[in-house]
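Here are a few notes to go with your first look at this model. Have the structure open and follow along point by point.

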Amino acid sequence: MQKTILITGSTDGIGLETAKLLASQGHNVLLHGRNPEKLEQVQKTLLELKGGGTVEIYVADLSLISNVEGLAKTVAEKQSKLDVLINNAGVYNATNPVTQDGLDVRFAVNTIAPYLLTQRLLPLLGTSGRVINLSSAAQSTVQTEALTGRVKLRDGAAYAQSKLALTMWSRILGLSLKDSGPIIVAINPGSMLGSKMVKQAFGVTGGDIRIGAEILTRAALTDEFKTASGKYFDNDSRQFASPHPDVLDTGKCQEIASVIETVLT
């Protein structure tokens, strides 16, 4: 069955490879990126795939809350239904790590933007949709002051905390919506895969990004993830696994979600 799938950060890396896989299977792919020219080129590439579905492009800077709101509004205006949202966009380092909203760019893009986008698109996703959040093996206890932009962190610490915060709100929201909303699952697509982010952050080529794209495609389409809401999948061990201990602490997860809501108000 043909599905409509929005993939953030889909002009390169795992996002692009996932978009190619899904488009080649005939699904309608909604591409997102910051650069209109790159998006148009990717759209052209995907439309040339044999058996491909429709391909639409959406421009937004996910480091800016106003842009995330605008993206959600535009998608809602153009689509009557969304089957899958893949929150793939991520940042490890940046020349200016502080956004115009006064947030650390890692928390803004990796944690807050996917939370807001998910919340705004819940009506389109309904009870049969899926939200797939790109987590990481790199996770460390979240400092709420860093999440709100009051404390500055080094790149590695900010990234690891932002990914744990993402995994925490994925669990609490996934469990709360278990019977009334879409499946929400956090996935570590694989460590040190050859994305642009890994190359920039660590200066290494990295592994085959198809490893990450294939697990995201499985999560988007297969029955394997049909009852995965609130769970964490570790593609390094190729199985659902126990996440960081903080993710299993309901009180801590609720606190993270509350802090994010405070940032957004």
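1. Start at Asp 234. Leaving aside residues up to four places away in sequence, Asp 234 touches Asn 188, Gln 239 and Ala 241. Keep in mind that this is a predicted model.

2. Where does Asp 234 sit? Look in strand β7. Asp 234 counts as buried because its relative accessibility is 14%, and the cut-off for buried is under 20%. For a sense of how the chain comes together here, take Ala 186: Asp 234 and Ala 186 are 48 residues apart in sequence, yet their C-alpha atoms are 8.7 Å apart in space.

3. Now zoom out to the sheet. Eight strands make up an open sheet with mixed pairing, and the order to trace is β3-β2-β1-β4-β5-β6-β7-β8. The edges are β3 (55-59) and β8 (239-240); each has a single partner strand, so one side of each has no neighbour in the sheet.

4. Next, have a look at β1 and β2. Strand β1 (residues 4-7) and strand β2 (residues 28-33) run parallel and are joined by four bridges. If you want a landmark, Ile 5 stands opposite Val 29 in β2.

5. Is β2 enclosed or open? Six of its six residues are buried, so β2 is largely enclosed by the rest of the structure. Asn 28, Leu 30 and His 32 point one way from the strand, while Val 29, Leu 31 and Gly 33 point the other way. In a regular strand, side chains alternate between the two faces of the sheet.

6. α3 lies across β1, β2 and β3, and runs at about 150 degrees to β3. Helix α6 (residues 155-176) lies across β5 (130-134), β6 (183-188) and β7 (232-234), at about 155 degrees to β6.

7. Finally, check how α3 packs on α4. Helix α3 (residues 65-78) and helix α4 (residues 105-125) have axes 9 Å apart, at an angle of about 20 degrees. That angle makes α3 roughly parallel to α4, and the crossing is right-handed.

8. Which residues make that contact? On the α3 side they are Ile 65, Val 68, Glu 69, Leu 71, Ala 72, Val 75 and Ala 76, and these meet Ala 113, Leu 116, Leu 117, Arg 120, Leu 121 and Leu 124 in α4. By type, the contact has eleven nonpolar residues, two charged and no polar.

Notes
Residues numbered from 1 in each chain as written. Predicted model: local features only at pLDDT ≥ 70, side-chain atom pairs only at ≥ 80, totals over all residues. Heavy atoms only, no water. Axes fitted to C-alpha atoms, helices over the stretch in contact; angles between N-to-C directions. Helix = DSSP H or I, 4+ residues; strand = E, 2+ residues; numbered from the N terminus. Parallel < 35°, antiparallel > 145°, perpendicular 65-115°, else oblique. Left-handed = near helix turned anticlockwise from the far one by under 90°. Contact = heavy atoms within 4.5 Å. Nonpolar A, V, L, I, M, F, W, Y, C, P; charged D, E, K, R; others polar. Pairing = 2+ DSSP bridges. Buried < 20%, exposed > 50% of the residue type's maximum accessible area, 1.4 Å probe, protein only.
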